[in-house]
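Please consider the sequence and the three-dimensional structure shown below.

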Amino acid sequence: MISLGQAHVSLELREVFKCGTPLRIGARAFDILELLINRPGRLVTKDEILQKVWPETVVEENNLQVHISALRKALGTDRDLIRTIPGRGYMLISGDEDQTHNARAGAGMGESVLTSPFGCPMLRKSDLPQDVALIGRVTALDDACQALESAWLLTLTGSGGIGKTSLAVAVAHRLSRTQSVPVYFVALGQLNCSERVIDAVACALDVGGVQGQSTLDAVVGRLNEAEAMLVLDNCEHLIEAVASLCAHLAQRCPTLKILATSREALRINGERSMNVAPLDVPEPGVSRAHILCSDAAQLFLTRLRALDSCFPSDDSDGLDDQSVELIAQVCRTLDGIPLALEMAATRASALGLYELFASLRDDLHLLAGGLRSAPERHQTLLASVDWSYRLLTHDERQVLGRITLLDGRFTLDQACEVAQSLDISRAQVMDAIVGLALKSLLAVLTEGPFKFYRLLGATRICLVQRLKQAPGTATSTRSAGQCIELLAFSAPPASLSTLRATRVEQEVDHFHRNHQRVLATSQ
């Protein structure tokens, strides 16, 4: 790996990484960068670049300027490492004497220093994202920090947009402050190749392969220098590779702590998983004070007030009761999912609360407007659900498409009746339900020895929208179109599933009565 400020270049992989995440750089732009890297501190003329990069094509000089501009944009604050020599060409520099002096001074104060390809030290900047104030996560933050005291690996699980990354960043900052633990943050969301997981980790640790030493050995060596924490963010699409790497690091790095975020647990020895739940939402019929104090309403109002200067700045009489009730309904519709609430606040700042709620009832696909800095899967609610959908097996997709018929909580028997058919057996449906629950697409509710399931309302509507857009995804005796038609124009029939559900409810009630009787007898 070659370090260029905060960026790292792998000539073998033809990739440029920043904070462990590959940057989008075109093939021609990378060819130019490779040419500059191979001639550090020396002028590379425009003619040389044009001949090397476009050997059999005549191109205009402004084409070269476009690619140089793209490289500088990718380097961000280190854009000046590519210097223009007016009228002649370009040069890749290592920084001036002042930067070198400051880097050495920083190293004397215990900061990490990189070696550039030119032999000059370059000060490493923190890769950990900025710590932001969390709403409704005080208990979760405490629980996660406590879990890491006894476990070497903690995986934060939950549905898309639930706030796993924000919580992981908060945990990392707290432990970094309170225990002086060096933290390495690895963003895996944009990686699409399992083989590159170790390269992303190596970039975050600022280590490169030494002659005769593998990248993995270099990573192990760095992590064994002192107690450290590795944060692996968005692991679900690379779950096998991440699980294998973590298991290997556990054997060779005895003091290492790993904090992972994923829509499903890694399922390896020594792992503790912690489900990140939605924010609490106000129940129907509660008082104005209860609505405004709920975590979901607090997050929604915080984001809305930041975007709309005309919205009342406090919860006084300026915020009328009708608006408060609409806020409660929005929070319930979105099931307290932080990403959805933030997008809804963006929409409310332009449309108002009434129009927002009216548009949400059946058109959650309209929810968009995530942070510009957020990954594509967090730019719309549909994109977030689609990210999870693509990671499902064939059977899981089949079953998920069919259980959209079930509104509210349901039993395993109800799921089997809706999803079972000639092409998918009851056993396959049961396996799929387990898989959907483990991958955070089904909420699991516990009552004594009984389990109930529920599709979050926002997820369910997004899935219906997805099935409308791709009706061929559910090839079965119940096609996607039939599922949607049933969902839109008829309620689930009061058939055998209803009777089974009633029986389960009776069994739950019977269990509670017996439990109370046992308690009374023991007293």
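The largest nonpolar core has 82 residues, and those with the most contacts inside it are V171, M229, L259, F300, V399, L400 and I403. A nonpolar core is a set of buried Ala, Val, Leu, Ile, Met, Phe, Trp, Tyr and Cys residues joined through side-chain atoms within 4.5 Å; buried means under 20% relative accessible area, exposed over 50%, and partly exposed in between (1.4 Å probe, protein chains only). Helix α6 (residues 164-179) supplies the largest share of this core, 7 residues. A second, separate core of 36 residues includes L188, A200, A243 and L245. In soluble globular proteins, nonpolar side chains tend to be buried together.

This is a predicted model, in which local features need pLDDT of at least 70 and side-chain atom pairs count only at pLDDT 80 or more, while totals for chains, interfaces and linings use all residues. Residues are numbered from 1 along each chain as its sequence is written, and side-chain values use heavy atoms, with hydrogens and water left out.

Helices (H or I, at least four residues) are DSSP runs, numbered from the N terminus. The axes of helix α16 (residues 394-403) and helix α18 (residues 426-438) come within 9 Å and cross at roughly 85°; axes are lines fitted to C-alpha atoms over the stretch in contact, and angles run from 0 to 180 degrees between N-to-C directions. α16 and α18 are therefore roughly perpendicular (65 to 115 degrees) to each other. Their contact (heavy atoms within 4.5 Å) involves D395, E396, V399, L400 and I403 of α16 and Q428, V429, A432, I433, G435 and L436 of α18.

L438 is found in helix α18 and is partly exposed, with a relative accessible area of 42%. Leaving aside its neighbours within four places in sequence, L438 is in contact with R263, E264, A265 and R267.

Methods
Helix = DSSP H or I, 4+ residues; strand = E, 2+ residues; numbered from the N terminus. Parallel < 35°, antiparallel > 145°, perpendicular 65-115°, else oblique.
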